Every structure is written in structure tokens, then in C-alpha cells.
Amino acid sequence: MSLAYLAQDVTTTAKGYGAIGYGLAAIGPGIGVGIVVGKAIEGMVRQPEMAGQVRTTMFLGIAFTEALALIGLVAGFIF
């Protein structure tokens, strides 16, 4: 085996692990967004007069949860 072949193989393997790592990192935020939206809808149904405030809070929760997915993406590129 040549050294160039080994370097290419290591690079390809590292890219594969990065994709797997990001896939695993996206599971948590995906579940979190589902829970946030579900609970917000439940709250809007129970108290329709608070729908505006609940919606605003829901979007903030989604933004913070999606930040975790972006951190996972960056970590995948770093490692």
C-alpha cells in the first residue's frame, strides 16, 4: 500500500464519520423541536387568548434547539 492511498482512505473515513456524527447530533434537536411545537399547540388550544405569546415563546425555543444542530454540524467538521 502506498502512503497516498492510506491518506486518501483516512480522509474518506473521516468524512464518513463526520456525516454519521452530524446525523446523530441532529436527532436530539429534531425530537426537541417536535416536543416544543407539540406543547405550544397544546397550550394554544387550551388558552386561545394567549396564542400570540405562546407562539413567540415557541419560536424562541425552536431557535435555541436548532442552535444545537448547528453546533453538531460544526463539531462534525472539526473532528
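**View A. Methionine 44 is in contact with Ala51, Val54 and Arg55, when its neighbours within four places in sequence are left aside.** Contact here denotes heavy atoms within 4.5 Å. The structure is a predicted model, in which local features need pLDDT of at least 70 and side-chain atom pairs count only at pLDDT 80 or more, while totals for chains, interfaces and linings use all residues. Residues are numbered from 1 along each chain as its sequence is written, and side-chain values use heavy atoms, with hydrogens and water left out.

**View B. Val33, Ala40, Met44, Ala51, Met58 and Ile62 make up the largest nonpolar core, a set of 6 residues.** Helix H1 and helix H2 (51-78) each contribute at least two residues to this core. A nonpolar core is a set of buried Ala, Val, Leu, Ile, Met, Phe, Trp, Tyr and Cys residues joined through side-chain atoms within 4.5 Å. Buried stands for under 20% relative accessible area, exposed for over 50%, and partly exposed for values in between (1.4 Å probe, protein chains only). Across the 79 residues of the protein, 15% count as buried. The protein has 2 helices and 0 strands; helices (H or I, at least four residues) and strands (E, at least two) are DSSP runs, numbered from the N terminus.

**View C. Threonine 65 is a residue of helix H2.** With a relative accessible area of 13%, threonine 65 is buried. Beyond its neighbours within four places in sequence, threonine 65 is in contact with Pro29, Gly32, Val33 and Val36. Val33 also belongs to the largest nonpolar core.

**View D. Lys39, Glu42 and Arg46 are joined in a network of salt bridges.** A salt bridge places a side-chain nitrogen of Lys or Arg within 4 Å of a carboxyl oxygen of Asp or Glu, and the structure holds 2 of them. One links the side chains of lysine 39 and glutamate 42 at 3.9 Å, N to O. These two residues lie 3 residues apart in helix H1, about one turn of the helix. The side chains of glutamate 42 and arginine 46 form a salt bridge at 3.5 Å, N to O, and this pair lies 4 residues apart in helix H1, again about one turn of the helix. Lysine 39 is exposed, with a relative accessible area of 56%, and arginine 46 is exposed at 65%, whereas glutamate 42 is partly exposed at 35%.

**View E. A nonpolar surface patch is formed by Ile20, Leu24, Ile27, Ile31 and Ile35.** Patches consist of residues with over 30% relative accessible area and no salt bridge, like charges being joined within 9 Å and nonpolar side chains (Val, Leu, Ile, Met, Phe, Trp, Tyr) within 5 Å. Isoleucine 20 is located in helix H1 (residues 3-46), and isoleucine 27 is found in helix H1. Isoleucine 27 is partly exposed, with a relative accessible area of 47%. Its C-alpha atom is separated by 8.5 Å from that of alanine 69, 42 residues apart along the chain. For the protein, the accessible surface comes to about 5900 Å², and 73% of it belongs to carbon and sulfur atoms.

How values were computed:
Areas by Shrake-Rupley, 256 points an atom, 1.4 Å probe, with all protein chains shown as cover.
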